[in-house]
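Student: I have a model open and want to learn how to read it. Can we go through its features in turn?

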Amino acid sequence: MVLRTLAMPKDTNPWGDVFGGWLLAQMDIAAGLMAGEVAQGRAATISVQNVVFHSPVAVGHTICIYAELIRVGRSSMEIALEVWARDVVHVYEPERAFVAEAIFHYVAIDPQGRPRAVPDDARSLAREADASGAPRAADRPAREPLPSA
Ligand SMILES: CC(C)(COP(=O)(O)OP(=O)(O)OC[C@H]1O[C@@H](n2cnc3c(N)ncnc32)[C@H](O)[C@@H]1OP(=O)(O)O)[C@@H](O)C(=O)NCCC(=O)NCCS
């Protein structure tokens with residue numbers, strides 16, 4: 001888990017529903033934390049793919065964001081995120097619900113904002129995850145297969 005936070009009233013639209021954009025911002029912060037650690041310094045989001053909001057988030061839900069380093073290129077990093085939520089404010093829900101996922105791409109950048117090589121030892125982190133087949137976020141809840149369309 002790289003980030004845990006709480007959905008607040010300020011994060012909602014006029015109907016009281018939490019903005020997808022708020023959740024996406026939390027996901028960018030979470031992926032950015034991992035990218036910064038892997039790159040051992042400054043990194044920038046270059047693209048976001050496969051964003052899916054599976055179920056709504058409400059005020060009072062805690063949000064847990066799990067990240068997995070999928071691939072490290074010369075300067076780029078591919079990070080898969082899963083977001084899980086549960087109510088701890090209104091009705092205590094012991095089970096977490098899978099609410100969103102996305103793939104973030106980051107690029108390690110130098111002080112001038114130009115791409116720089118990710119340090120060599122970071123590559124092994126992605127290789128270890130690939131080789132074991134085990135996500136680095138091993139403490140996340142087991143996910144039921146999503147219903148097909
Ligand atoms: C990130 C940035 C410095 C990269 O510069 P660039 O000249 O486009 O970089 P390059 O073409 O040399 O590509 C750098 C890496 O990004 C990868 N890349 C390029 N476009 C990509 C895309 N659309 N999706 C994923 N990866 C991409 C390249 O494959 C390359 O990876 P590698 O070094 O591991 O092989 C530049 O695009 C930038 O500053 N973008 C804005 C970032 C930003 O401000 N984000 C926050 C928005 S508020």
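Student: How many residues does the largest nonpolar core have, and which have the most contacts inside it?

Tutor: In soluble globular proteins, nonpolar side chains tend to be buried together. A nonpolar core here is a set of buried Ala, Val, Leu, Ile, Met, Phe, Trp, Tyr and Cys residues joined through C-beta atoms within 7 Å. Buried means 20 or more other C-beta atoms within 10 Å of the residue's own; exposed means 12 or fewer; partly exposed is in between; C-beta atoms are placed from the backbone. The largest core has 36 residues, and Ala31, Ile65, Ile79, Leu81 and Val83 have the most contacts inside it. Two or more residues each come from α1, β3 (61-72), β4 (76-87) and β5. The largest share, 8 residues, is from α1.

Student: What should I know about the model itself and its numbering?

Tutor: This is a predicted model: local features need pLDDT of at least 70, side-chain atom pairs count only at pLDDT 80 or more, and totals for chains, interfaces and linings use all residues. Residues are numbered from 1 along each chain as its sequence is written.

Student: Which residues is leucine 81 in contact with, beyond its neighbours within four places in sequence?

Tutor: Contact means C-beta atoms, placed from the backbone, within 7 Å. Leaving those neighbours aside, leucine 81 touches Met27, Ala30, Ala31, Ile65, Tyr66, Ala67, Glu101, Ala102 and Phe104.

Student: What pattern do the elements follow along the sequence?

Tutor: Helices (H or I, at least four residues) and strands (E, at least two) are DSSP runs, numbered from the N terminus. The protein has 2 helices and 5 strands. Their order is β-α-β-β-β-β-α.

Student: Which residues of α1 are buried?

Tutor: They are Leu23, Gln26, Met27, Ala30, Ala31, Met34, Ala35, Val38 and Ala39.

Student: Where does glutamine 40 lie, and is glutamine 40 buried or exposed?

Tutor: Glutamine 40 sits in the loop between α1 and β2. Its phi is positive, about 55°, although it is not a glycine. Glutamine 40 counts as exposed because it has 12 C-beta neighbours inside 10 Å.

Student: What about asparagine 50?

Tutor: Asparagine 50 lies in strand β2. Its phi is also positive, about 50°, and it is not a glycine. With 10 other C-beta atoms within 10 Å, asparagine 50 is exposed.

Student: Which residues come nearest to the ligand?

Tutor: A residue is near a molecule or strand if its C-beta atom, placed from the backbone, lies within 6 Å of it. Of the 13 residues around the ligand, Ser47, Gly73, Arg74, Ser75 and Ser76 come nearest. The elements giving two or more residues to this shell are β2 (43-53) and β5 (97-108).

Notes:
Contact = placed C-beta atoms within 7 Å.
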